[in-house]
Amino acid sequence: MAMGEFDLIKRYFSQSQFQTDDSVQLSIGDDCALVSVPEGYQLAITTDTMVENTHFLPTISAADLAYKAVATNLSDLAAMGAVPKWISLALTLPKIDKYWIADFSRSLLQILKNYNVTLIGGDTTKGALSITITAQGLIEKGRALCRHQAKVGDLIYVSGTLGDSSAGLQMLLSGKSAVNSDDEFLQQRHFRPIPRITLGRALMGIANAAIDISDGLISDLGHILNRSQCSAEIELSALPLSSALLSHHNRTQAELLALSGGEDYELCFTVSAENQAKFEERLKYLDVPCTCIGRTVAAKCGRFSLHFLREGEEVELAPLSGFDHFREEK
């Protein structure tokens, strides 16, 4: 007997398979989910869609796809300083492949368990493979990290290392298999980004502005600059580059990947000079490396721009940009 939509949901995405919390009054199986929000908190809500051949290769495993779909949404919550709580999943499938769905649901279950997140609803339909997730988290009222609050003179930080995911994707597109630990590291950075939830929480009350790096440092830092109406100076020699990245690319190539490559899902944030010592002290208790790569400066003539330095001297780079779904190809 062929499996229908509701059979698929019951077998692979039944609420009983996932941990729940007391805030969920009603979840899978009704027209809407019902959750309660504690007094003094706000909901942080984000939605992302991943489409085959646009956001992921057809060769990606079901397990990696499920992980990445969830992790990228949790990264958005991390950038706001929110605690992840619930997700809804809309899954579009070209056909029902029980082995693929079993691997997908197991991986989905595992990452939700790792971050204490509950699946509370969604939808399944037939069509080209795509995944849409709406993730919701809780944050204390008035304490969310936003893009529009950077101040002139802020120090600009990034977490982790940059350019790894883009380098891993280049390897996959070339058909190269991972043959050593550096190869494996870069490809795993593409398939399995780490949402910086703990760091996002630690930045509350310290950082002025924050964003996660999904479309590339230039593009995403640009969002902060435009919203905050300021410019920035970036010290190229300070960009955090992994040894794995540098084993595949020279310094110049690695810097370009760090600046314009996407899908690192690290956090980029600004901290005032007054809060720097406090942040550095708090950072000692987190297992997340963070690097100061520059500072915000006043915009000139109303133009919010990025300036690049090398050892303090301004340098010119060829025009760079991050990922944009609708940028016209030339």
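**Exercises on cavity, helices and sheets**

The lining of the largest cavity comprises 5 nonpolar residues, 2 polar residues and no charged residue. The class nonpolar covers Ala, Val, Leu, Ile, Met, Phe, Trp, Tyr, Cys and Pro, the class charged covers Asp, Glu, Lys and Arg, and the others, Gly among them, are polar. The model is predicted: local features need pLDDT of at least 70 and side-chain atom pairs pLDDT 80 or more, whereas totals for chains, interfaces and linings use all residues. Residues are numbered from 1 along each chain as its sequence is written, and side-chain values use heavy atoms, without hydrogens and water.

**Exercise 1.** Determine which residues line the largest cavity and how much space lies in it.

*Solution.* Step 1: a search of the whole structure returns 1 cavity of 30 Å³ or more (a set of points on a 1 Å grid where a 1.4 Å probe fits but cannot get out, lining residues having an atom within 4 Å of a point). Step 2: the largest cavity holds about 30 Å³ of space (the space filled by probe spheres set on the points). Step 3: the lining consists of His55, Phe56, Leu57, Ile60, Leu172, His190 and Phe191.

**Exercise 2.** Describe how helix H2 and helix H3 pack, and classify the residues of their contact.

*Solution.* Step 1: H2 spans residues 62-80 and H3 spans residues 98-114 (DSSP runs of H or I, at least four residues; strands are runs of E, at least two). Step 2: their axes lie 7 Å apart at an angle of about 40 degrees (lines fitted to C-alpha atoms, for helices over the stretch in contact, with angles from 0 to 180 degrees between N-to-C directions). Step 3: H2 contributes Ala62, Ala63, Leu65, Ala66, Tyr67, Val70 and Ala71 to the contact, and H3 contributes Trp100, Asp103, Phe104, Ser107, Leu108, Ile111 and Leu112 (heavy atoms within 4.5 Å). Step 4: the contact of H2 with H3 has 12 nonpolar, 1 polar and 1 charged residues.

**Exercise 3.** Identify the edge strands of the open sheet of 7 strands.

*Solution.* Step 1: the order is S8-S10-S7-S11-S9-S12-S13, and the pairing is mixed. Step 2: S8 (207-212) and S13 (313-315) stand at the edges, each with a single partner strand. Step 3: the twist averages 30 degrees from one strand to the next.

Notes
1 Å grid on protein atoms, 1.4 Å probe; cavity = no way out; pocket = protein on both sides within 12 Å on 5 of 7 lines; lining within 4 Å. Pairing = 2+ DSSP bridges.
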